[in-house]
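I opened my notebook to look at nonpolar residues and aromatic rings. My entries follow the order in which I looked things up.

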Amino acid sequence: MNAGRRIPLWIIALLAAICLGVLAWTTFGFVVPFKHETGQVVLDLYFAGYDELTVGRMRRLLGQNEIANNLLRAMYVGPELIFPALFTALLLLVLMRLRPGGSYSARPLDPFLVKLVYAVPFIYGFADYGENISSLVAFGGGVRADQAAQLLPWLTRLKFASLAICLIVIARFAIIGAMHQDGGET
């Protein structure tokens, strides 16, 4: 599993810079103007999650404020169309670079667990895209709007849970890797 070590750090740094650029585009081009227009934050920023009642309030708000509705739609078909893919790739490349396979602390990792670790960034990406699609449907007022509104809080929770797992795993393997380098082990 040395393939991860062959990923140049400059590629990871470049991808991280692109992700930050797209995140800045989202924040300053859509999130801040949305907050200025409505006094509310977009649901994507509810890190602790939200419920269907919150989705209902947002639906009413967007129904009454065309500018806010247009900002939200433009965000989902603009930067939010590419950010989940970019960030998923970044998480995966960082994990591959840290190489969570092999043995650590004199205990080998089960190959199934390694595959599961590599699957978590994809879970994040699919959940983020699902959240974006559900938002477009829920706030669009179509036939499936109520179903999308029910699904939306769960997708947001899944997105942030998988992101938290990714960050914990990355931190863990980074610490283990640093300990092995300091101790002279490989």
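Where is the place of Ile 18? I found Ile 18 in helix 1; helices here are DSSP runs of H or I with at least four residues, numbered from the N terminus.

Before going on, I noted that this is a predicted model, in which local features need pLDDT of at least 70 and side-chain atom pairs count only at pLDDT 80 or more, while totals for chains, interfaces and linings use all residues. I also noted that residues are numbered from 1 along each chain as its sequence is written, and that side-chain values use heavy atoms, with hydrogens and water left out.

**Entry: surface patch**

I looked up Ile 18 again and read a relative accessible area of 37%, so Ile 18 is partly exposed (buried is under 20%, exposed over 50%, partly exposed in between, with a 1.4 Å probe and protein chains only). Together with Trp 10, Ile 11 and Leu 14, Ile 18 makes a nonpolar surface patch of about 400 Å². Patch residues have over 30% relative accessible area and no salt bridge, and nonpolar side chains are joined within 5 Å, like charges within 9 Å. A salt bridge would be a Lys or Arg side-chain nitrogen within 4 Å of a carboxyl oxygen of Asp or Glu.

**Entry: cores**

I then turned to the largest nonpolar core, which has 25 residues (buried Ala, Val, Leu, Ile, Met, Phe, Trp, Tyr and Cys joined through side-chain atoms within 4.5 Å). Phe 87, Leu 90 and Leu 91 have the most contacts inside this core. At least two of its residues come from each of helix 1 (9-38), helix 4 (79-98), helix 5 (111-138) and helix 6 (145-183). Helix 4 gives the largest share, 9 residues.

I checked Leu 91, leaving aside neighbours within four places in sequence, and listed contacts with Pro 121, Tyr 124, Leu 163, Cys 166 and Ile 170 (contact means heavy atoms within 4.5 Å). Another core, of 19 residues, lies apart from the largest one and includes Val 42, Val 55, Leu 62 and Met 75.

**Entry: aromatic rings**

I counted 4 aromatic pairs (ring centres within 6.5 Å, using the six-membered ring of Trp; planes under 30 degrees apart are stacked, over 60 edge-to-face, the rest tilted). Trp 25 and Phe 30 form a tilted pair, 6.4 Å centre to centre with 55 degrees between the planes. Trp 25 is partly exposed at 41% relative accessibility, whereas Phe 30 is buried at 12%.

Phe 87 and Tyr 124 form an edge-to-face pair, at 5.5 Å and 70 degrees. Phe 87 is in helix 4 and Tyr 124 in helix 5, so this pair ties together parts 37 residues apart in sequence. Both residues, Phe 87 and Tyr 124, are buried. With Phe 83, they form one aromatic cluster.

Methods:
Accessible areas come from the Shrake-Rupley method with a 1.4 Å probe; for residues, only the protein chains shown count as cover.
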